Amino acid sequence: MARTDHYNDPDAPEATSIVVAVTAFVQDEQGRLLMIRRTDNGLYSIPGGAQDVGETIGRTVVREVEEETGLDVEPTGVIGVYSDPAHVIAYTDGEVRQEFSICFRARLLGGELRTSDESSEVHWVTRDDLADLTIHPSIRLRIEHGFSTRTGPYFAT
């Protein structure tokens with residue numbers, strides 16, 4: 001299912017739902033960031049997705065990173081909560097979601113890097129190389145906050 005992200009777009013459709021979602025900020029030993037290229041919109045992103053019923057939010061982080069990248073992680077903290085009503089995501093099935101995502105910092109435990117149905121590319125990216133990637137502004141904000149040395153979570157709008 002394809003998606004279109006609308007951000008500060010006066011012509012965007014109205015949101016019809018809010019779904020709890022996560023993103024994961026994962027770095028390797030060299031400080032490179034784990035990035036995927038999403039199959040649903042072609043943009044680069046940190047791994048993430050929606051929480052399933054009956055699942056803890058920490059388990060959602062672990063599952064989404066493993067599904068999209070093949071890597072095993074452990075959530076270690078919250079970077080921020082992102083719930084901007086000016087960011088809506090329209091899916092081809094007619095659903096239009098208001099953004100609601102909790103971004104977690106996660107520690108790499110192991111696994112084998114691979115793509116999936118949700119990720120056409122999976123890479124470790126240096127901070128300098130991020131400028132060359134097409135990344136949605138809401139994900140760039142999470143990445144900026146992830147690299148920040150500020151303590152405590154961001155409550156971004």
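In what order do the elements of the chain run from the N terminus on, and which residues of the largest nonpolar core touch the most other members?

Author: This is a predicted model, in which local features need pLDDT of at least 70 and side-chain atom pairs count only at pLDDT 80 or more, while totals for chains, interfaces and linings use all residues. Residues are numbered from 1 along each chain as its sequence is written, and side-chain values use heavy atoms, with hydrogens and water left out.

From the N terminus on, the elements run β-β-β-β-β-β-α-β-β-β-β-β-α-β, that is, two helices and twelve strands; both kinds are DSSP runs numbered from the N terminus, helices being H or I of at least four residues and strands E of at least two.

In the largest nonpolar core, which has 16 residues, Leu33, Met35, Leu130, Ile135 and Ile143 touch the most other members. Such a core is a set of buried Ala, Val, Leu, Ile, Met, Phe, Trp, Tyr and Cys residues joined through side-chain atoms within 4.5 Å, where buried means under 20% relative accessible area, exposed over 50% and partly exposed in between, with a 1.4 Å probe and protein chains only. At least two residues of this core come from each of β4 (33-38), β7 (71-82) and α2 (137-147), and α2 gives the most, with three residues. Apart from this core lies another, of 15 residues, which includes Leu34, Leu71, Val81 and Trp124.

Leucine 33 itself, leaving out residues up to four places away in sequence, touches Phe25, Val26, Gln27, Ile46, His123, Trp124, Val125, Leu130, Ile143 and Phe147, a contact being heavy atoms within 4.5 Å.

Serine 45, placed in strand β5 (residues 44-45), is also buried, because its relative accessible area is 4%. Its contacts, leaving aside neighbours within four places in sequence, are Leu34, Met35, Ile36, Arg38 and Ile139.

Asparagine 8, in contrast, counts as exposed because its relative accessibility is 54%, and it sits in the loop between β1 (3-7) and β2 (17-18). The phi of asparagine 8 is near 50°, a positive value in a residue other than glycine. Most residues other than glycine have a negative phi.

For the chain as a whole, 44% of the 157 residues count as buried, and residues 24 or more positions apart account for 72% of the contacts with a separation of 6 or more.
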